[in-house]
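Look over the sequence and the structure before reading on.

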Amino acid sequence: MYFVFAFVAIAVVAGNLIATVAMLRSDFYSPLQRRLQLALVWLIPVVGAACCISFASLHKRPIPRPDKNFPGPDFFQLPGGEANGP
């Protein structure tokens, strides 16, 4: 019985730490907003962490696209490339 409580406590603390790191790494929020969200994470552990992680994921910067497109199948001169069409 104690193992279940210990596992739940460790899972809640791990979730709060993940949410804390996500909030501290985010440059989208002002310092006051970060402090308020961190208070939300630690005062309402499960719901606050889930909300803050979802908000942080919404405001991530997009991954830049590569400059070149992937070459077509005829570029590599592989057998069967003619079956792919013009």
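## Cysteines

A disulfide is a covalent bond between the sulfur atoms of two cysteines. Here a disulfide is counted when a pair of cysteine sulfur atoms lies within 2.5 Å. The model shown is a predicted one. A search of the whole structure turns up zero disulfides.

C51 takes part in no disulfide, and the nearest cysteine sulfur, that of C52, is 6.7 Å away. For C52, likewise in no disulfide, the nearest cysteine sulfur is that of C51, at 6.7 Å.

C52 counts as buried, with a relative accessibility of 1%.

## Overall fold

The secondary structure of the chain consists of three helices and zero strands. Read from the N terminus, the order of elements is α-α-α.

The chain has 86 residues, and buried residues make up 16% of them. Take the contacts between residues at least 6 apart in sequence: 47% of these join residues at least 24 apart.

## Residue Q37

Q37 sits in helix α2, which covers residues 31-43. Its relative accessible area is 14%. Q37 therefore counts as buried, since the cut-off for buried is under 20%.

Which residues does Q37 contact, apart from its neighbours within four places in sequence? They are M23, Y29, C52 and F55. One of them, C52, is the buried cysteine described above.

## The largest pocket

The largest pocket holds about 220 Å³ of space. Eleven residues line the largest pocket, and those closest to its centre are A22, R25, S26, A56 and K60. Two elements give two or more residues each to this lining: α1 (2-25) and α3 (45-58).

By residue type, the lining of the largest pocket divides into four nonpolar, three polar and four charged residues.

## Residue S26

S26, one of the residues closest to the centre of the largest pocket, lies in the loop between α1 and α2. With a relative accessibility of 11%, S26 counts as buried, because this value is under 20%.

What does the side chain of S26 reach? The side chain of S26 reaches the backbone nitrogen of F28, at 3.3 Å.

Key. Residues are numbered from 1 along each chain as its sequence is written. This is a predicted model: local features need pLDDT of at least 70, side-chain atom pairs count only at pLDDT 80 or more; totals for chains, interfaces and linings use all residues. Side-chain values use heavy atoms; hydrogens and water are left out. Helices (H or I, at least four residues) and strands (E, at least two) are DSSP runs, numbered from the N terminus. Buried means under 20% relative accessible area, exposed over 50%, partly exposed in between (1.4 Å probe, protein chains only). Contact means heavy atoms within 4.5 Å. On a 1 Å grid over the protein atoms alone, a cavity is a set of points where a 1.4 Å probe fits but cannot get out, and a pocket is an open set with protein on both sides within 12 Å along at least five of seven lines; lining residues have an atom within 4 Å of a point. Grid points are joined across faces, edges and corners, and a volume is the space filled by probe spheres set on the points. Ala, Val, Leu, Ile, Met, Phe, Trp, Tyr, Cys and Pro count as nonpolar, Asp, Glu, Lys and Arg as charged, and the others, Gly among them, as polar. A polar contact is a pair of N or O atoms within 3.5 Å; within protein, one must be able to donate a hydrogen and the other to accept it, and residues adjacent in sequence count only if both atoms are side-chain atoms.
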